[in-house]
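This briefing covers the aromatic contacts and the sheet of the structure shown below. Please read it alongside the coordinates.

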Amino acid sequence: MTIRHTVIWKLKAEDAAEKAAVSADIIDRCLGLADVIPQVHNLKVLANHPDRANSGDLILEAEFDNFEDMQTYLTHPEHVAGVEYVKALVASGLTVDYEY
């Protein structure tokens with residue numbers, strides 16, 4: 001059993017250059033979590049293609065061996081700090097966690 005944690009964010013930034021800078025910053029910060037939280041696997045954070053004005057600007061995907069490992073990740077102080085940082089930069093977010 002593997003758990004996939006997926007988050008899609010819509011950024012507050014509307015200017016293309018600002019959106020790109022904010023996206024790069026969020027991507028770097030999120031990818032760094034894999035270095036400090038060993039329970040997370042296959043962490044990816046990607047920006048939506050700039051020519052696609054869909055509802056989402058960024059997507060984060062991560063995998064865990066079980067729900068307990070995901071909970072460890074979600075409550076880890078580095079993740080909690082990252083969530084607070086990202087909250088200030090996003091207009092909305094959507095999370096889906098599923099088992100496969």
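The model discussed here is predicted. In the whole structure, a search finds two aromatic pairs.

**Aromatic pairs**
- Phenylalanine 64 and tyrosine 73 form a tilted pair, with 5.1 Å centre to centre and 45 degrees between the planes.
- Phenylalanine 64 counts as buried because its relative accessibility is 0%, and tyrosine 73 likewise counts as buried, at 1%.
- Tyrosine 98 and tyrosine 100 form a tilted pair as well, with 6.0 Å centre to centre and 45 degrees between the planes.
- Tyrosine 98 has 33% relative accessibility and therefore counts as partly exposed; tyrosine 100, at 47%, is also partly exposed.

**Charge over a ring**
- Arginine 29 lies over the face of tyrosine 85, at 3.7 Å from the ring centre.

**Sheet and helix**
- Four strands make up an open sheet with antiparallel pairing, in the order E2-E3-E1-E4.
- Strands E2 (41–47) and E4 (90–99) each have a single partner strand, so one side of each is left without a neighbour in the sheet.
- On average, neighbouring strands of this sheet are turned by 10 degrees against each other, direction ignored.
- Strand E1 (residues 3–11) runs antiparallel to E4 and is joined to it by nine bridges; lysine 10 has serine 92 in E4 as its bridge partner.
- Helix H1 (residues 16–31) packs on the sheet and touches E1, E2 and strand E3 (58–64). The direction of H1 makes about 175 degrees with that of E2.

Technical notes: Residues numbered from 1 in each chain as written. Predicted model: local features only at pLDDT ≥ 70, side-chain atom pairs only at ≥ 80, totals over all residues. Heavy atoms only, no water. Phe/Tyr/Trp six-rings, centres within 6.5 Å; stacked < 30°, edge-to-face > 60°. Buried < 20%, exposed > 50% of the residue type's maximum accessible area, 1.4 Å probe, protein only. Lys NZ or Arg CZ within 6 Å of the ring centre and 35° of its normal. Pairing = 2+ DSSP bridges. Helix = DSSP H or I, 4+ residues; strand = E, 2+ residues; numbered from the N terminus. Axes fitted to C-alpha atoms, helices over the stretch in contact; angles between N-to-C directions. Contact = heavy atoms within 4.5 Å.
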